[in-house]
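I opened the model today to look up two things.

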Amino acid sequence: MPTSSSALLAGERNGLSSAVRATRLIFLVSGIGMAAWAPMVPYAKARLGLDEASLGLLLLAFGGGSMVSMPLVGFLTHRFGSRRVIGVGGLMLCLALPLLAIAPSTATLALGLLYFGVALGAVDVAMNAHAVEVERRDGRPLMSGFHGLFSVGGLGGAAGMSLLLALGMSLTVAAVAISALLAVVVATQWPRLIDEVDDAGERAAAFGMPRGIVLVLGLLCFISFLAEGSMLDWSAVFLRDFRGFSAASAGIGYAAFSVAMALGRLTGDRTIARFGPVLTVRIGACIAATGFLLASLLAWPPAALVGFVLVGLGAANIVPVMFGAAGRLPGASPGMSIATVTTLGYAGLLSGPALIGFLAQASSLPVALAAVAGLLLLTAASAGLAKV
């Protein structure tokens with residue numbers, strides 16, 4: 001009998017280890033799929049003869065698709081389990097890149113981007129809900145590492161697509177190649193995911209309005225995603241217009257931020273295990289705020305790069321910790337809670353750069369970036385919510 005019990009425990013541990021690896025690879029797939037679109041944008045612009053304004057409006061369909069789908073995906077995850085949603089959403093995501101590569105008109109590209117956003121939003125919500133369950137069963141911090149693989153996938157997806165195009169591969173063939181790789185990963189890892197349906201089951205309302213601590217966690221994610229969005233859309237402009245970088249080299253700021261964030265997340269699980277989620281968020285938010293202040297207040301160009309590195313390192317683990325806290329709320333559906341905080345987070349990513357632009361117009365871009373530091377200090381003051 002003891003031998004049978006030991007074998008059962010060993011089997012459960014092996015199954016959980018497989019689930020952890022599979023979850024990591026799903027996060028990697030999501031990052032690759034999202035970032036592979038970035039090198040395709042200039043091709044779409046040239047193929048359809050779009051100007052900057054028209055392209056900007058079209059790109060809203062991508063973010064809008066993600067945000068609109070997330071509450072529904074939260075319900076589907078709540079009802080059918082994260083594993084099934086990951087499988088369907090992952091295969092949908094694999095179809096998106098070839099569709100975007102061959103879209104023959106502005107209308108079809110808009111529909112393709114809407115579909116792309118829906119698929120990515122489905123995978124995003126479901127994989128985070130699944131990660132919460134895997135972390136709970138494993139009994140040690142894992143969420144930051146999962147998000148670290150997403151960041152690595154983002155770097156790899158953009159670099160891989162760019163490399164295929166640089167080697168002379170056509171856009172359609174390159175998109176199909178990336179999608180085929182992602183489909184293989186999804187198909188081989190899906191059976192290894194945990195087959196479970198939301199334990200909150202009957203206790204959580206399917207489409208009830210989010211309230212209380214879920215909204216607060218979502219607002220803190222809004223701030224963190226706003227900080228990330230400001231780096232994506234404004235770091236190069238800041239370096240070129242205010243720190244004397246050339247247009248060709250101004251992108252180094254976002255690269256420094258991205259690498260620092262990936263490193264911060266890949267080492268984040270050990271940090272959280274040692275210091276706990278509350279202190280990790282509090283110190284991280286203060287470090288990120290220091291980075292924004294260093295970049296915006298010191299006119300020395302290297303200080304801006306150091307500041308962007310600090311923003312990446314400091315902000316790296318805020319969102320993973322908040323997602324984990326949302327998924328652990330007692331008496332609430334993890335899928336629905338994560339859908340809420342993810343939707344609010346994406347709202348920060350999409351609307352944040354515009355808010356920075358309005359504030360910069362009224363004052364200056366350095367002042368606008370310094371204001372983000374103030375919001376991050378608010379996050380530091382609210383870090384106690386991460387202990388849920």
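I began with Thr 342. A polar atom of its side chain lies 2.6 Å from the backbone oxygen of Ile 338. I noted that this is a predicted model, where local features need pLDDT of at least 70, side-chain atom pairs count only at pLDDT 80 or more, and totals for chains, interfaces and linings use all residues. Residues are numbered from 1 along each chain as its sequence is written, and side-chain values use heavy atoms, without hydrogens and water.

I placed Thr 342 in helix 14, residues 334-362 (helices are DSSP runs of H or I, at least four residues, numbered from the N terminus). Is Thr 342 buried or exposed? I found it buried, with a relative accessible area of 0% (buried is under 20%, exposed over 50%, partly exposed in between, with a 1.4 Å probe and protein chains only).

Next I listed contacts (heavy atoms within 4.5 Å). Leaving aside neighbours within four places in sequence, Thr 342 touches Met 70, Asp 124, Val 125 and Phe 323. I also checked Ser 144: it is 198 residues from Thr 342 in sequence and 15 Å away in space, C-alpha to C-alpha.

Val 259 sits in helix 9. Val 259 is partly exposed, at 43% relative accessible area.

Technical notes. Helix = DSSP H or I, 4+ residues; strand = E, 2+ residues; numbered from the N terminus. Polar contact = N/O pair within 3.5 Å; in protein donor to acceptor, adjacent residues only side chain to side chain.
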